[in-house]
Amino acid sequence: MSELLNSSSSGTPRVRFAPSPTGFLHVGSARTFIFNWLYARRNSGTMILRLDDTDVERNTDASVHSIFEGLKWLGLNWDEEYKQSERGELHRQMAEAIFRKGLAYRDFTPAHTGDSERSGTQGTWLFNPGMRELSREESDRRAAAGEKFALRFRVPRDAGDVVRFTDAVYGEQIKAAADIEDFALLRSDGMPTYHLASCADDADLRITHIIRGQDHLSNTYKHVLIFEAAGFTPPQFAHLPLLVAPDGTKLSKRRHGPVVSVTTYRDAGFLPEAFINFLCLLGWSPKDDRTKMSRQELVEIFSLEGINRANAVVNFKENASSNASSALSTVIPSEARDPGVPYDEDTFDPKALWLNAEHIRGLAIGDLSERLLPIVREAGFNVTQERMVQITPLIRERIKLLRDILTAADFFFVDQLPPYDPAELIPQKGDAAMAQKVLTRAKEVLANVEFKHDPLDRALRAAAQELGLKAGQMFQPIRVAVCGRKNAPPLFETLEVLGKEKTLDRIEQATSRLK
């Protein structure tokens with residue numbers, strides 16, 4: 001066991017992220033990891049990952065995989081890694097030390113029920129007086145005889161006793177000791193409880209700052225008692241405001257579906273740096289109120305003082321996430337679904353989408369191209385890296401998520417365009433005859449022009465003048481013919497990437513649609 005922990009004089013901070021592998025990596029847990037990581041990196045400290053995996057009945061390998069997959073996607077590393085399940089002897093040593101001081105006692109009662117119970121101000125069970133007042137000799141005798149017991153903390157019961165600590169976010173916290181139950185340190189099977197294991201590990205790992213969700217605030221009174229009973233100065237606590245849905249309820253998978261899972265954002269096409277940026281703004285704000293921030297900028301300006309007390313709302317539409325399986329199938333493509341089907345934007349907070357689009361626009365073409373290429377290939381399109389680099393600048397301003405490439409640029413990837421309404425070929429203030437005339441002349445002109453931006457521009461504008469048409473009336477039928485829709489990237493750049501053969505073939509097919 002480490003020497004006395006003193007967070008005020010321990011030098012650089014040591015922080016930890018301690019998830020329980022009983023479910024997927026929740027967005028709230030990801031934010032907790034990010035805030036710990038930023039605090040450590042901002043202050044040249046140590047970031048520790050500790051799996052709190054002592055809940056054997058609920059732990060799953062799938063959950064462990066989800067945690068590591070999510071953290072790997074975020075791209076934020078850690079300096080030390082531990083598994084709580086491998087530290088049981090350490091936990092029992094702390095429990096024994098507290099017991100030897102007379103600050104814990106054995107409770108041989110199968111369950112605290114009946115007349116022996118006492119209630120606190122909230123009507124909760126506090127302790128069994130028959131067990132709390134049992135003599136040490138009698139306790140030792142029954143334990144030696146093999147009788148099962150739980151080891152309980154002997155919470156001070158004198159009038160006026162209080163437990164207090166100062167939270168870096170919520171300020172001074174005080175609770176009457178008389179309202180805290182004699183909580184278990186060891187269960188009757190000898191396994192440590194969450195409270196004991198967490199405190200023992202935090203003390204041994206010399207954790208100086210515990211940054212975690214506000215839902216742990218009520219546990220902290222017990223943890224302060226454990227630290228002090230074991231002879232350790234409690235770390236500095238900083239509790240983070242909860243993430244809630246628009247209706248104010250705490251985010252949960254059962255109620256809100258996959259929008260609460262980190263991997264949903266990954267699979268939908270968020271950039272990890274944009275997702276980190278978004279999560280940071282849920283419950284924290286920089287002094288200068290800027291919104292878009294790089295990872296390095298976040299490191300440079302993050303502080304606990306910037307954390308808000310009010311719960312942070314994730315502004316998705318509730319009905320978009322009420323059916324988890326439906327939302328998941330919309331957001332995450334599978335082999336049984338066309339990967340080009342667009343996501344439902346209501347699944348995500350509009351600010352998250354806006355930030356992701358901003359970060360996408362800030363990427364270099366080569367970087368963005370490398371991130372888009374695996375998505376395109378996974379969808380079954382055999383696209384070269386060189387061609388992807390050509391396509392990327394044409395759609396960079398037109399996508400919010402990486403997966404949007406499959407709908408914003410699909411006409412670059414397919415050999416045959418899907419069916420579209422021939423009426424789309426008709427230009428503004430024109431008719432089918434005008435469209436036919438445009439396409440016929442375009443085919444003649446494009447067959448003899450170099451497929452580069454400037455020659456294409458000059459040739460098609462000249463053709464418009466020959467036909468007595470405005471440029472827009474000339475360009476729309478061609479754009480629809482080669483892209484299958486009006487809303488598409490700039491025409492000349494698009495034609496250049498598509499190439500002469502495919503362009504002429506699609507114009508020929510379009511003329512047939514008008515007949």
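Two residues are in contact here when heavy atoms of one lie within 4.5 Å of heavy atoms of the other. The model described below is a predicted one.

## Helix 19 and helix 23

With contact defined, the pairing of helix 19 and helix 23 can be read residue by residue. On one side, helix 19 contributes Gln436, Leu439, Ala442, Lys443 and Leu446; on the other, helix 23 contributes Lys500, Thr503, Leu504, Ile507, Glu508, Ala510 and Thr511. Sorted by class, this contact holds 6 nonpolar, 3 polar and 3 charged residues.

Two packed helices are described by the angle between their axes and the distance between the axes. Helix 19 covers residues 432–446 and helix 23 covers residues 500–513; they pack at an angle of about 155°, and their axes are 10 Å apart. Angles over 145 degrees count as roughly antiparallel, and helix 19 and helix 23 are therefore roughly antiparallel to each other. Their crossing is left-handed.

## Helix 16 and helix 22

A second pair can be described in the same terms. Helix 16 (residues 385–395) packs against helix 22 (residues 491–498) at an angle of about 165°, with 10 Å between the axes. This angle makes helix 16 roughly antiparallel to helix 22. The crossing of helix 16 and helix 22 is left-handed.

From helix 16, the residues in contact are Arg387, Gln390, Ile391 and Leu394, and they meet Glu493, Thr494, Val497 and Leu498 of helix 22. The classes in this contact are 4 nonpolar, 2 polar and 2 charged residues.

## The whole protein

The protein contains 23 helices and 12 strands. Its radius of gyration is 32 Å, while the globule rule gives 24 Å for 515 residues; the value is well over the rule, so the protein is more spread out than a compact globule. The C-alpha trace spans about 110 × 45 × 35 Å along the principal axes of the protein.

## Confidence in the model

The average pLDDT of the protein is 90, and 90% of the residues score at least 70. Residues 112–120 have a pLDDT below 50, and this stretch makes 17 contacts in the model beyond near neighbours in sequence. Residues 322–342 also have a pLDDT below 50, with 30 contacts in the model beyond near neighbours in sequence.

Where pLDDT is low, the predicted coordinates should not be read in detail. That caution applies to residues 112–120, where the pLDDT is below 50, and to residues 322–342, where the pLDDT is below 50.

Definitions and conventions:
Residues are numbered from 1 along each chain as its sequence is written. This is a predicted model: local features need pLDDT of at least 70, side-chain atom pairs count only at pLDDT 80 or more; totals for chains, interfaces and linings use all residues. Side-chain values use heavy atoms; hydrogens and water are left out. pLDDT is the predictor's confidence in each residue, from 0 to 100. Axes are lines fitted to C-alpha atoms, for helices over the stretch in contact, and angles run from 0 to 180 degrees between N-to-C directions. Helices (H or I, at least four residues) and strands (E, at least two) are DSSP runs, numbered from the N terminus. Angles under 35 degrees count as roughly parallel, over 145 as roughly antiparallel, 65 to 115 as roughly perpendicular and the rest as oblique. A crossing is left-handed if the near helix is turned anticlockwise from the far one by less than a right angle, and right-handed if clockwise. Ala, Val, Leu, Ile, Met, Phe, Trp, Tyr, Cys and Pro count as nonpolar, Asp, Glu, Lys and Arg as charged, and the others, Gly among them, as polar. The radius of gyration is taken over C-alpha atoms; the globule rule is 2.2 Å times the number of residues to the power 0.38.
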